[in-house]
Amino acid sequence: MGRRAILPAIALWVWGLGTLGWAQPSEPPVMDRCLALFQTLRPQFAYAERVAPQRFLLRVVLGAEGLPVSRLTVNIDLAPVPLGLEDIVVVAFDRPVQDALRLRNQLARRFEGVAQTLNLGNWYVSEPRGYRCFLTHQGRVVGVLALGRNLEPLSDPRWLAAYQRSPVRFPAVEPAMR
């Protein structure tokens with residue numbers, strides 16, 4: 001009798017877990033949507049964000065479908081910096097005008113190559129507003145793709161505002177936004 005009672009007991013236990021909410025319905029095709037966006041990511045604009053007098057963070061905003069959807073911090077060589085480590089790559093301008101011109105020229109030469117070194121992480125996080133997929137560079141998270149509950153990309157208007165305030169920006173002409 002002991003062995004025969006085990007299978008019904010396991011079935012009852014699994015059913016109980018499902019009714020308690022432990023069995024989650026499958027999420028919509030979040031990773032498919034993130035992959036589709038990731039494949040169309042292109043740099044839209046870049047700027048230097050002031051964090052102290054003569055000290056800046058270099059930011060590159062990536063867009064998909066004409067909408068800015070992710071922001072990366074890059075070092076002086078335009079390599080993406082892992083999230084959380086931005087403070088250690090603060091760029092100091094000793095000669096503001098000359099350094100700004102040099103940086104703008106470097107952005108012009110290597111701007112398109114920034115997105116080519118990125119990968120899409122194979123996980124996402126569900127949050128109240130929607131979902132977050134992660135951009136990686138050499139195995140470290142360097143950016144986030146935010147999606148709404150309808151799987152449409154979310155943008156942050158603060159990125160364009162920071163670009164407009166920046167003393168160093170590329171391209172110099174303000175990008176068109178939809």
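**Sheet and helices**

Modeller: Leu120 has Leu135 in E6 as its bridge partner. This is a predicted model, in which local features need pLDDT of at least 70 and side-chain atom pairs count only at pLDDT 80 or more, while totals for chains, interfaces and linings use all residues. Residues are numbered from 1 along each chain as its sequence is written, and side-chain values use heavy atoms, with hydrogens and water left out.

Colleague: How many bridges join E5 to E6?

Modeller: 6 bridges join E5 to E6 (residues 130-137), and the two strands run antiparallel. Strands pair here if DSSP finds at least two bridges between them. Strands (E, at least two residues) and helices (H or I, at least four) are DSSP runs, numbered from the N terminus.

Colleague: What order do the strands have in that open sheet?

Modeller: The order is E5-E6-E7, 3 strands with antiparallel pairing. E5 (119-127) and E7 (140-148) are the edge strands, each pairing on one side only. From one strand to the next, the twist averages 25 degrees.

Colleague: Which helix packs on the sheet?

Modeller: Helix H2 (residues 30-39) does, touching E5, E6 and E7. The direction of H2 makes about 135 degrees with that of E5. Axes are lines fitted to C-alpha atoms, for helices over the stretch in contact, and angles run from 0 to 180 degrees between N-to-C directions. Contact means heavy atoms within 4.5 Å.

Colleague: Which residues of H2 are buried?

Modeller: Val30, Arg33, Cys34, Leu37 and Phe38 are buried. Seen down the axis of H2, these buried residues fall within an arc of 135 degrees, so they line one face of the helix. That arc is taken over the directions from the helix axis to the C-beta atoms. Buried means under 20% relative accessible area, exposed over 50%, partly exposed in between (1.4 Å probe, protein chains only).

Colleague: And what is on the face turned away?

Modeller: The exposed residues Asp32 and Gln39. The buried residues of H2 pack against E2, E5, E6 and E7.

Colleague: Switching to H4, which residues are buried there?

Modeller: In H4 (residues 157-165), Trp159, Leu160, Ala162 and Tyr163 are buried. Their arc is within 160 degrees seen down the axis of H4, so they line one face. Pro157, Arg158 and Arg165 are exposed on the face turned away.

Colleague: What do the buried ones pack against?

Modeller: Strands E1 (42-52), E2 (55-64), E3 (67-74) and E8 (169-170).

Colleague: What about the chain overall?

Modeller: The secondary structure comes to 4 helices and 8 strands. Of the 178 residues, 42% count as buried.
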